[in-house]
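Subject: Structure for your attention

Dear colleague,

Please find below the structure that I am passing on to you. My notes on what was found in it follow.

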There are 4 protein chains.
Amino acid sequence: MSQDIRVTVWNEFRHERNDEEIGKTYPDGIHGAIAEGLNAIDGITARTATLDEPEHGLTEEVLANTDVLTWWGHMAHREVDEAIVDRVQKRVWEGMGLIVLHSGHHSKVFKGLMGSPANLHWREAGERERLWVVNPGHPIAKGLPAYFELEYEEMYGEPFTVPEPLETVFVSWFQGGEVFRSGLTYRRGAGNIFYFRPGHETYPTYHDANVGQVLRNAVNWAYQGDRHAHLMKAPNTPVAEAIEAIEERGAKLSAADHAGEVKS
Amino acid sequence: MSQDIRVTVWNEFRHERNDEEIGKTYPDGIHGAIAEGLNAIDGITARTATLDEPEHGLTEEVLANTDVLTWWGHMAHREVDEAIVDRVQKRVWEGMGLIVLHSGHHSKVFKGLMGSPANLHWREAGERERLWVVNPGHPIAKGLPAYFELEYEEMYGEPFTVPEPLETVFVSWFQGGEVFRSGLTYRRGAGNIFYFRPGHETYPTYHDANVGQVLRNAVNWAYQGDRHAHLMKAPNTPVAEAIEAIEERGAKLSAADHAGEVKS
Amino acid sequence: MSQDIRVTVWNEFRHERNDEEIGKTYPDGIHGAIAEGLNAIDGITARTATLDEPEHGLTEEVLANTDVLTWWGHMAHREVDEAIVDRVQKRVWEGMGLIVLHSGHHSKVFKGLMGSPANLHWREAGERERLWVVNPGHPIAKGLPAYFELEYEEMYGEPFTVPEPLETVFVSWFQGGEVFRSGLTYRRGAGNIFYFRPGHETYPTYHDANVGQVLRNAVNWAYQGDRHAHLMKAPNTPVAEAIEAIEERGAKLSAADHAGEVKS
Amino acid sequence: MSQDIRVTVWNEFRHERNDEEIGKTYPDGIHGAIAEGLNAIDGITARTATLDEPEHGLTEEVLANTDVLTWWGHMAHREVDEAIVDRVQKRVWEGMGLIVLHSGHHSKVFKGLMGSPANLHWREAGERERLWVVNPGHPIAKGLPAYFELEYEEMYGEPFTVPEPLETVFVSWFQGGEVFRSGLTYRRGAGNIFYFRPGHETYPTYHDANVGQVLRNAVNWAYQGDRHAHLMKAPNTPVAEAIEAIEERGAKLSAADHAGEVKS
């Protein structure tokens with residue numbers, strides 16, 4: 001019997017407490033809505049973590065037992081502790097999957113993994129978004145129609161300054177005239193990363209059935225069961241242990257200089 | 001008449017002063033050897049900058065007047081000031097080309113732009129490296145033979161934990177049994193990035209004719225003449241200015257929450 | 001003094017002769033309009049070729065003297081001779097640039113180079129298309145605004161069944177609700193390929209200034225000056241000529257079987 | 001209970017019958033050895049098909065019931081019927097996985113899907129090949145060591161004229177001095193494609209445990225359970241059925257010209 005994929009649903013969890021309307025849309029928080037959708041199917045066990053918990057709910061132990069992390073943040077990106085950012089990024093490199101949602105594009109975690117500003121232009125007008133599946137054979141598009149609509153969404157417009165993805169899965173059409181690459185895949189180290197655009201806090205996006213399907217697909221796609229801790233090192237391979245016999249020759253770096261190296 | 005490509009050749013410049021042997025191989029520093037090779041052809045004007053200069057020689061003015069930056073560092077990556085790292089990365093996003101050399105794989109600038117640890121395994125044995133051109137139509141391979149050899153080099157072995165590149169240009173064979181993807185292209189923001197593996201400080205790699213050809217090709221490839229400063233912003237597009245007329249509707253984020261945003 | 005880039009503008013040239021309206025829009029044919037725009041700037045010399053010329057105007061000599069070929073076809077894809085298709089593809093593999101326009105997505109040349117059906121869905125309603133630059137640092141986007149519009153265009157909708165490109169340069173928004181990846185780059189063998197969506201025969205697209213800018217940029221991007229004829233072969237490297245000395249060992253394929261091989 | 005992945009292992013099956021030595025190494029043919037290894041684990045059911053069967057063993061029915069096809073061919077690529085080549089390619093576009101092995105790089109099926117000559121240089125000397133995992137988080141590398149060796153193999157050397165892959169999984173080191181990108185992933189239409197280099201007929205490669213692990217991983221990676229037959233069409237979307245209401249306007253293509261179209 002195979003083990004469930006262990007998902008941690010991370011949320012900033014501020015808007016839902018600050019704003020009565022948003023609180024009504026997400027009475028258990030955005031994280032609550034996402035986790036409920038993931039737990040509704042076999043093969044996934046989701047728990048949650050939020051910004052204001054100790055260590056933002058992302059202790060070493062939590063991350064060690066997380067196969068896939070989802071990330072929603074917006075107004076408090078700057079409050080996320082650098083040490084936790086580093087910890088999350090390291091776990092991604094070791095093989096944890098990461099699904100970055102909507103305004104999470106400006107999170108320290110995502111910008112750091114992209115090596116990019118991840119900018120875009122935006123408008124909050126409750127306009128119609130239509131997501132087209134441009135890569136129908138991709139696992140993240142499984143079971144989806146040719147397109148699906150979110151009647152009320154915030155607009156994000158191109159250019160989205162992120163690296164060219166491994167694959168583009170969705171492209172959005174907006175009522176006001178913009179387009180956006182709304183589903184993008186990456187790998188960093190051994191970890192799979194998926195960016196998914198929709199999910200503005202003032203709209204009920206995370207109660208949408210197609211969005212739920214995308215998230216479940218993305219969790220299954222991002223999961224890979226191994227921890228590649230060895231990738232965190234840059235080891236020396238001694239000459240005597242070379243696979244093919246070689247002899248040391250030529251000039252060598254002096255011991256003093258080696259002392260300054262930052263390889264390992 | 002077109003203007004020359006303005007290159008800044010950056011070097012840590014420690015090994016050459018600390019180690020007599022290395023100083024003999026590079027009497028003008030590694031930067032001196034690289035700049036000399038670039039200045040030898042029409043269309044490129046190269047100057048140099050080094051770690052121990054004020055602001056590491058990379059003032060706002062220097063970077064504003066740099067089209068392509070080359071980066072060599074090794075023992076003192078940690079001494080590079082975070083503010084300068086940020087400045088360089090921002091200029092790359094705006095469109096400055098970046099050529100990262102050899103042990104520069106572990107520089108803060110490169111790791112930050114890759115969003116990756118950029119680890120590998122290594123051996124300093126003066127062994128033979130043979131670089132195969134795997135992408136003969138790529139501009140960086142222009143004028144090169146099917147392969148070229150460096151009789152004495154440090155070994156870098158896979159896995160090299162960097163993102164899948166836009167294109168792989170070179171793959172290296174090492175005498176001791178390893179392989180390495182030695183020439184990789186990326187774009188971050190509007191800036192082109194090329195990583196080129198060879199160039200250990202104890203060997204005369206930067207005096208090699210084929211290496212010189214690669215560097216000149218890479219400068220020409222990485223150059224793009226515009227400064228895309230607007231990509232550094234994430235502007236709001238007001239509803240009233242939407243390209244296609246739309247009406248505002250649905251819930252809005254409260255002013256208090258907007259105050260916390262970090263979009264722009 | 002550098003030599004001009006030699007462009008051959010290929011056109012099916014049927015609609016303009018069959019349909020009075022189209023003939024008025026393109027009195028010199030679509031090829032005439034494209035070639036005129038390319039010849040208007042320094043550094044490019046464009047000539048034309050059309051389907052009904054002998055060998056479709058694409059003799060061995062014409063192709064040998066073509067650095068970049070542009071391709072427009074629609075109603076007569078099936079009439080293009082297989083031998084000419086093979087000839088064009090081979091020249092691309094050797095390094096000739098190829099720019100495929102609009103309904104050229106269903107040409108034998110393009111489908112063959114993509115290894116894909118290159119399907120899409122479509123509508124001819126004279127609707128508005130807005131092309132967004134999603135990759136502002138790409139050479140093909142040089143000098144363009146953030147977006148540009150074609151007030152009357154045919155709609156092409158996703159999914160566009162082509163391989164994931166090296167880079168996506170443009171994404172289109174359509175008035176009727178669709179999106180399309182309108183500017184895609186590829187390399188096949190040593191040749192650069194750019195697919196550019198707009199250009200329906202019933203609209204004056206090839207008289208648009210931004211479209212002209214894209215085509216000139218694309219020609220400059222696709223150009224690479226060398227002919228890589230050696231890539232057309234799969235040569236044996238005899239054991240005695242191995243770079244590193246090795247001894248032949250193990251079982252060998254019998255001569256009879258080698259006779260059947262299709263390597264070279 | 002989930003259904004097994006249905007694999008068809010295709011083999012030319014000529015060398016094993018023509019050459020006594022090869023026949024001893026593969027008494028049940030190369031296909032027999034591969035199928036046996038796949039059938040040894042839960043979740044995969046493999047059957048075989050060979051060139052000299054009617055329709056090369058690849059009837060419409062067989063392909064309709066194949067989730068993943070593996071392909072080994074060498075001396076008789078030219079004998080593979082064009083109609084079967086078209087049939088296989090169409091099934092890949094619809095979503096069938098394809099694993100192309102060793103000299104299958106020159107098969108009509110693979111060259112057609114790559115849109116490339118897929119050339120390389122080669123040497124049959126029974127030399128040592130060492131495959132390095134360059135992408136340890138990729139599902140095809142699951143459970144493998146950092147590298148594995150095949151003591152006797154044919155050499156394939158770069159440049160391998162195939163498109164830049166989605167991801168590079170393996171790079172090979174050869175004793176005679178060459179390198180090769182030995183594991184490459186692609187998607188064409190909805191179908192996943194993996195090229196895997198080793199497997200010369202005169203050596204016992206398909207009895208190697210690591211090679212078996214790669215093949216099982218590749219089958220699991222290439223599998224996607226849906227048939228995307230709709231991608232084989234390029235349908236018209238009538239104006240009256242546009243998602244967003246639009247009015248037809250501008251010039252229209254005459255009926256005579258539409259008659260010549262090859263869209264659908």
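Through which surface do the copies, chain C and chain D, meet? They meet through the same surface, because 100% of the interface residues of chain C are also interface residues in chain D.

Before the details, some conventions. This is a predicted model, in which local features need pLDDT of at least 70 and side-chain atom pairs count only at pLDDT 80 or more, while totals for chains, interfaces and linings use all residues. Residues are numbered from 1 along each chain as its sequence is written, and chains are lettered from A and ligands numbered from 1 in the order in which they are written.

**The contact between chains C and D**

Chain C and chain D each bring 68 residues to their contact (two residues are in contact if their C-beta atoms, placed from the backbone, lie within 7 Å). On the side of chain C that touches chain D, at least two residues each come from helix 1 (15-18), helix 6 (108-114), strand 5 (121-133), strand 6 (147-157), strand 8 (179-188) and helix 8 (255-260) of chain C. Helices (H or I, at least four residues) and strands (E, at least two) are DSSP runs, numbered from the N terminus. Strand 5 of chain C gives the most to this side, with 7 residues. By class, the side of chain C that touches chain D holds 27 nonpolar, 23 polar and 18 charged residues; Ala, Val, Leu, Ile, Met, Phe, Trp, Tyr, Cys and Pro count as nonpolar, Asp, Glu, Lys and Arg as charged, and the others, Gly among them, as polar.

Strand 5 of chain C is largely enclosed by the rest of the structure, because 13 of its 13 residues are buried. A residue is buried if 20 or more other C-beta atoms lie within 10 Å of its own, exposed if 12 or fewer, and partly exposed in between, with C-beta atoms placed from the backbone. Strand 5 runs antiparallel to strand 6 of chain C, and 8 bridges join the two; here C:Glu129 stands opposite C:Leu150. Strand 5 is also antiparallel to strand 7 (residues 167-174) of chain C, through 5 bridges, and C:Trp132 stands opposite C:Val171 in strand 7. Two strands pair if DSSP finds at least two bridges between them.

Helix 3 (residues 29-39) of chain C is mostly covered, with 8 of its 11 residues buried. Among them are C:Ile30, C:Ile34 and C:Leu38. The buried residues of helix 3 pack against strand 1 (5-11), helix 1, strand 2 (44-50), strand 3 (68-72) and helix 7 (209-222) of chain C.

**The sheet of chain B**

In chain B, 9 strands form an open sheet of mixed pairing, in the order 2-1-3-4-9-8-7-5-6. Strand 2 (44-50) and strand 6 (147-157) of chain B stand at the edges with a single partner strand each, so one side of each is left without a neighbour in the sheet. Neighbouring strands of this sheet are turned by 25° against each other on average, direction ignored. Axes are lines fitted to C-alpha atoms, for helices over the stretch in contact, and angles run from 0 to 180 degrees between N-to-C directions.

Helix 3 (residues 29-39) of chain B lies across strand 1 (5-11), strand 2 and strand 3 (68-72) of chain B, and runs at about 170° to strand 2. Helix 7 (residues 209-222) of chain B also packs on the sheet, and its direction makes about 165° with that of strand 9 (191-196) of chain B.

**Chain A as a whole**

Chain A has 8 helices and 9 strands. Its C-alpha atoms fill a box of roughly 70 × 40 × 40 Å, taken along the principal axes. Of the 264 residues in chain A, 61% are buried.

With kind regards
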